[in-house]
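I opened this notebook to record what I looked up. The entries cover helix packing and a ligand site.

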Amino acid sequence: MKVLVATEKPFAKAAVEGIRDIVENAGHKLALLEKYSDKQELLDAVADSDALIVRSDKVTAEVVEAAKNLKIVVRAGAGYDNLDLVACSSKGIVAMNTPGQNSNAVAELAIGMMIYISRNSFTPGTGGELKGKTIGIHAYGNVGRIVAELAKGFGMNVIAFDPFVDPEKIKADGVKPVKTLEELYENSNFLSLHIPATAETKKSVGTLLMSKMPKGACLVNTARKEVINEEELVTVLEQRPDLKYVTDIAADNQTLLNEKFAGRVFATAKKMGAETAEANINAGLAAANQIIKFLATGDRTFQVNK
Ligand code: NAD
């Protein structure tokens, strides 16, 4: 079988070598399409592929249509909003992600951005500390849980909101579960966003929630830019000159934000939450292993288009 790794933003070299070993040791063929700039290159490469590994690459209905032999696509990462699940399902293609494999990298970046903004973007001047502050975790999944753990190490109070996680499990981690989003935002000096981008969550964070945040609070986004209502973000930053916004996923209006709110906003140059060698290797190898297992036994653990 042919396993294609199609990555506009390539994996670390060690990850590619590991993927190759797993695929070839199982008797399959590996094909690599890296740093491609034209969609046509992807359409050509998938034409005879049986399995596909991608990162943030978009697997659209057009890609699915071109992939006549495709049986499985794995997004090496957590968020899978780049996969057209309906198109995959309609062709009987199994879609998976690799949950948890890059969570530590993302969580460390969230904490790093909190320190950066608290210390005046590393410019001279009096900053603030994380110790003693309250951090609200919006969605207590793989990344949220690790942010909570790291934050406790910094001496922060941790509260969390996730309607799909048993509050007793949250409590067992030494984190206070709160019942409403309002309560979460009202009490968070730092608010760390970890919701997936879904129909329900897109544009769900805006004036209503942000205006509830305490004086000097900071919203930290390592989730997706789509979950923010960007027009309202501008309004609330105008109305509340004490609020800050740091993000790993530049807003569509980031240039405007940077100009208008210099020193209070920060965006990484390119999404880099999962950009560590460790996360690359973990997610890449997990994707390869999931494919090999699926092709050998039909195992569908981590399928997301059920
Ligand atoms: P996860 O699937 O482990 O956790 C997501 C959590 O969100 C779950 O606990 C779920 O119950 C909760 N949730 C879903 N809908 C919700 C809602 N409406 N309100 C509150 N909670 C809700 O995912 P994860 O690994 O923790 O990643 C979280 C998100 O971070 C991903 O969906 C992805 O978009 C983003 N991410 C970004 C990077 C990056 O490079 N910056 C890397 C990995 C993940």
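I began with terms: helices (H or I, at least four residues) and strands (E, at least two) are DSSP runs, numbered from the N terminus. Axes are lines fitted to C-alpha atoms, for helices over the stretch in contact, and angles between N-to-C directions run from 0 to 180 degrees. I noted that the model is predicted, with local features needing pLDDT of at least 70 and side-chain atom pairs pLDDT 80 or more, while totals for chains, interfaces and linings use all residues. Residues are numbered from 1 along each chain as its sequence is written, and side-chain values use heavy atoms, leaving out hydrogens and water.

Entry on H5 and H6.
I looked up helix H5 (residues 103-118) and helix H6 (residues 142-153), whose axes cross at roughly 50° and come within 8 Å. That angle makes H5 oblique to H6; under 35 degrees counts as roughly parallel, over 145 as roughly antiparallel, 65 to 115 as roughly perpendicular and the rest as oblique. For contacts (heavy atoms within 4.5 Å), I listed residues of H5 including Val106, Ala107 and Ile111, which meet residues of H6, among them Asn142, Val143 and Leu150. By class, I found nine nonpolar, three polar and one charged residue in the contact of H5 with H6. Ala, Val, Leu, Ile, Met, Phe, Trp, Tyr, Cys and Pro count as nonpolar, Asp, Glu, Lys and Arg as charged, and the others, Gly among them, as polar.

Entry on H1 and H12.
Helix H1 (residues 13-25) packs against helix H12 (residues 277-297) at about 15°, with axes 8 Å apart. That makes H1 roughly parallel to H12.

Entry on the ligand.
Which residues are closest to the ligand? I found 25 residues around the ligand (a heavy atom within 4 Å), the closest being Asn142, Val143, Asp162, Thr222 and Asp248. An N or O atom in the side chain of Asn142 is 2.7 Å from a ligand oxygen atom.

Notes: A polar contact is a pair of N or O atoms within 3.5 Å; within protein, one must be able to donate a hydrogen and the other to accept it, and residues adjacent in sequence count only if both atoms are side-chain atoms.
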